Amino acid sequence: MKEPAQGGGFWSALRRGGVPSAIASVMGAPTAQQMAFIRSLTREQRRSEVLRTPLERLETVVFDLETTGFSAQHGDEILSFGAIRVVGDVIMEKEQFYTLVNPRTEIPEQITRLTGITREMTDGAPPLMNGLHDFMSFVGGRVLVAHASAHDKAFLNAALWKTSKVQLTHRVLDTMMLAKWLEPQQHQTYSLDELLAYQSIPIEGRHHALEDAKMTAKLWVAYVQEMLKRNVTNLADVYAHLSHA
């Protein structure tokens with residue numbers, strides 16, 4: 001995560017407010033307004049009162065990213081964001097988010113075969129900052145949920161640092177960790193496919209960010225219902241159980 005060069009050029013002009021937002025947007029560079037908005041959303045997202053919100057009313061955003069590879073630290077980039085809102089155990093079917101972004105790098109053939117995303121598709125897509133801004137706007141202050149979340153968190157953090165010099169502060173729940181607690185020793189890999197099949201959730205459109213987010217949302221809802229049966233009433237209870245899983 002290299003700091004932009006000091007001295008002349010675009011970044012210095014941007015810091016001085018000398019690059020109009022419209023021009024910066026066309027260039028794919030972050031605007032001051034976008035950076036300020038992203039920074040505002042990463043403040044105070046670990047409010048303690050959220051821990052006491054009953055699970056039936058907990059607002060979450062289940063999300064997934066497709067990327068050019070598996071290492072945000074070694075130059076791989078986000079290709080697409082997919083997300084859907086859930087309240088308690090109810091999926092808000094009409095509140096979905098999806099966008100491709102232009103990774104400004106080559107897309108390996110194996111990634112295109114896996115995701116169906118081609119260079120031609122991303123050439124006309126918004127720059128990372130625009131996609132990230134819109135995704136964070138959709139998330140707001142809600143708790144995030146993802147499967148094997150370390151991968152997605154690493155890419156989100158890399159994108160947030162690259163564009164806005166901030167880190168993700170939202171609470172993130174991982175359906176893989178929940179499965180290991182709620183269904184111990186019942187799975188070999190705890191992969192998304194394995195857990196979806198176990199819960200009899202149809203597997204459709206894998207490795208499409210929105211479709212993966214929607215299937216993960218169904219998995220999250222199944223786990224919310226199971227936790228309620230076990231008298232797990234709020235997020236604090238969830239964390240307490242996960243710490244001993």
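This is a predicted model: local features need pLDDT of at least 70, side-chain atom pairs count only at pLDDT 80 or more; totals for chains, interfaces and linings use all residues.
The mean pLDDT of the protein is 88, and 86% of its residues reach 70 or more.

**Helix α11**

- Leu-235, Ala-236 and Val-238 are the buried residues of α11.
- Seen down the helix axis, these buried residues fall within an arc of 160°, so they line one face of α11.
- At the start of α11, the backbone nitrogen of Ala-236 has a side-chain oxygen of Asn-234 within 3.2 Å.

**The nonpolar cores**

- The largest nonpolar core has 31 residues, and Trp-220, Met-227 and Val-238 are those with the most contacts inside it.
- At least two residues of this core come from each of β2, β4 (143-146), α8 (175-182), α9 (192-198), α10 (209-229) and α11 (235-244).
- Helix α10 gives the largest share of this core, with eight residues.
- Another core, of 28 residues, lies apart from this one and includes Phe-81, Ala-146, Ala-159 and Val-166.
- In soluble globular proteins, nonpolar side chains tend to be buried together.

**Two residues and their contacts**

- Beyond its neighbours within four places in sequence, Met-227 is in contact with Leu-55, Leu-178, Trp-181, Leu-182, Trp-220, Val-232 and Val-238.
- Thr-175 lies in helix α8.
- Thr-175 counts as buried because its relative accessibility is 0%, and the cut-off for buried is under 20%.
- Leaving aside neighbours within four places in sequence, Thr-175 is in contact with Val-145, Ala-146, His-147, Leu-195, Thr-216, Leu-219, Trp-220 and Tyr-223.

- Strands β2 (residues 78-87) and β3 (residues 90-100) run antiparallel and are joined by eight bridges.
- Ala-83 has Phe-97, in β3, as its bridge partner.
- Two residues lie between the strands of this hairpin, where Gly-88 takes a positive phi near 60°.

How values were computed:
Residues are numbered from 1 along each chain as its sequence is written. Side-chain values use heavy atoms; hydrogens and water are left out. Two strands pair if DSSP finds at least two bridges between them. Helices (H or I, at least four residues) and strands (E, at least two) are DSSP runs, numbered from the N terminus. pLDDT is the predictor's confidence in each residue, from 0 to 100. A nonpolar core is a set of buried Ala, Val, Leu, Ile, Met, Phe, Trp, Tyr and Cys residues joined through side-chain atoms within 4.5 Å. Buried means under 20% relative accessible area, exposed over 50%, partly exposed in between (1.4 Å probe, protein chains only). Contact means heavy atoms within 4.5 Å. The arc is that of the directions from the helix axis to the C-beta atoms. A polar contact is a pair of N or O atoms within 3.5 Å; within protein, one must be able to donate a hydrogen and the other to accept it, and residues adjacent in sequence count only if both atoms are side-chain atoms.
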